[in-house]
Amino acid sequence: MNKAIQVVNLLKKFEEFVALDSINFDVEYGEIFGYLGPNGAGKTTTIRILTAISRPTSGTVLIAGHNIEKKEYQAKKKLSHVPENPIVYPELSGWDNLIFTAGLYRISRKERTHSAERLLKDFNLFDRRHQQAVYYSKGMKKKLSLAMGLISNPEILFLDEPTSGLDVESQRLIREKINDFREKGNTVFLTTHNLSEAAHLCNRVAILDKGKILTIDSPNHLQEAMVEVRSFEFELKSSHSPEVVLKTYFQETNDERDFIFLNKQKVRVYTPNPTSWGQEFLDWTRVNKIPFGAFGTAEANLEDVFVSLTGKGKLGHPQKDIKRGKSQRG
Ligand SMILES: Nc1ncnc2c1ncn2[C@@H]1O[C@H](COP(=O)(O)OP(=O)(O)O)[C@@H](O)[C@H]1O
Ligand SMILES: [Mg+2]
């Protein structure tokens, strides 16, 4: 049985620079596969090769069993690619963008009209369908571009940062439509640098850094890792050293935690319950008359999750700023 996507020993060089280094993975039919990584990791480079926009330096890519270089036409018939920056024809209306795109794929006149109407309604663009796309907001362009990707009835959808830079409502709608597409038995490959998006939407998630896949894991592990690296951040006035204050607090409470310096006066303390931990710590500093700058709970970030998932160092960054306590982590 074929896989939707098979990538074997993919290498991509830009002159001497190695952008992708021995990438290997498979994506099953009916799966949403998340490709997660910081800026510059190689996500877009991968997507461009998998959709035949760019050629690999070496390695093999099969799309629905078709070699993307040797059987480009057969492979491309199965897929749609929605780039990060929406490509819409600005002088055409939303409606005409969809009809024109459907025409490129030789979809019958009757089906074109029917699909355009359905997609415009799905993406809340129907009321504005006769307006030129140049007047659409960024979110509307992004939704139109996704609708244009869907109108050719692809089996495999490649989405580059489908929700980046959008308001919460548009993000929710787009995630819902991605999920609907998968539920019809189709396959999605999406890139993101948003952890919770990857954890909530995807069946499996690959983490990429500097052109290498570091792990391929289930979103459950990602979720657990995200809980493990919840944290409380605070800043002290320069009269007090955060390190001395924390060490004293750990000693008094007999509860040592990992922490890192964000700058000289600003610290992140790892705790699975940042709100209650922070409250108790704040109460203690009040009693001890220690003056605060700012404080708050922090979302898990990609670097921390990666450390937690693999037990390896941070994503290509030196570890010198990490102070390890005696707690269970790492
Ligand atoms: N056409 C190109 N020529 C030279 N370097 C490139 C080219 N395209 C991408 N790169 C480099 O490859 C690396 C990965 O880029 P990209 O795939 O766009 O990362 P991501 O999408 O994960 O943010 C970056 O260092 C980028 O500068
Ligand atoms: Mg990119």
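I will start at the ligand. Around ligand 1 sit F14, F17, A19, P38, N39, G40, A41, G42, K43, T44 and T45. Please keep in mind that this is a predicted model.

What kinds of residue make up that shell? Five of its residues are nonpolar, five are polar and one is charged.

The backbone of A41 has a polar atom 3.2 Å from an oxygen atom of ligand 1. For K43, a polar backbone atom is 2.8 Å from an oxygen of the ligand. With T45 the side chain is involved: one of its N or O atoms lies 2.6 Å from a ligand oxygen. On its own, ligand 1 has 560 Å² of accessible area, and the protein covers 57% of that.

Which elements give two or more residues to the shell? They are strand 2, residues 17-27, and helix 1, residues 43-50. Helix 1 supplies the largest share, three residues. So much for the ligand.

Next, a hairpin elsewhere in the chain. Strand 9 covers residues 204-209 and strand 10 covers residues 212-217. How do they pair, parallel or antiparallel? The pairing is antiparallel, over five bridges. To find your place on the screen, look for A206, which stands opposite I216 in strand 10. Two residues separate the strands of this hairpin, and in the turn K210 has a positive phi of about 50°.

Last, the protein as a whole. How many helices and strands does the protein have? The count is 11 helices and 15 strands. Along the principal axes, the C-alpha atoms fill a box of roughly 75 × 45 × 35 Å.

The protein has 330 residues, and 48% of them count as buried.

One more number, on contacts along the sequence. Take the contacts between residues at least 6 apart in sequence: 66% of these join residues at least 24 apart.

To go back over the ligand: the polar contacts I described involve backbone atoms of A41 and K43, and the side chain of T45. The shell draws two or more residues from each of strand 2 and helix 1. That is what I have for today.

How values were computed: Residues are numbered from 1 along each chain as its sequence is written. Chains are lettered from A and ligands numbered from 1 in the order in which they are written. This is a predicted model: local features need pLDDT of at least 70, side-chain atom pairs count only at pLDDT 80 or more; totals for chains, interfaces and linings use all residues. Side-chain values use heavy atoms; hydrogens and water are left out. A residue is near a molecule or strand if one of its heavy atoms lies within 4 Å of it. A polar contact is a pair of N or O atoms within 3.5 Å; within protein, one must be able to donate a hydrogen and the other to accept it, and residues adjacent in sequence count only if both atoms are side-chain atoms. Accessible areas come from the Shrake-Rupley method with a 1.4 Å probe; for residues, only the protein chains shown count as cover. Helices (H or I, at least four residues) and strands (E, at least two) are DSSP runs, numbered from the N terminus. Ala, Val, Leu, Ile, Met, Phe, Trp, Tyr, Cys and Pro count as nonpolar, Asp, Glu, Lys and Arg as charged, and the others, Gly among them, as polar. Two strands pair if DSSP finds at least two bridges between them. Buried means under 20% relative accessible area, exposed over 50%, partly exposed in between (1.4 Å probe, protein chains only). Contact means heavy atoms within 4.5 Å.
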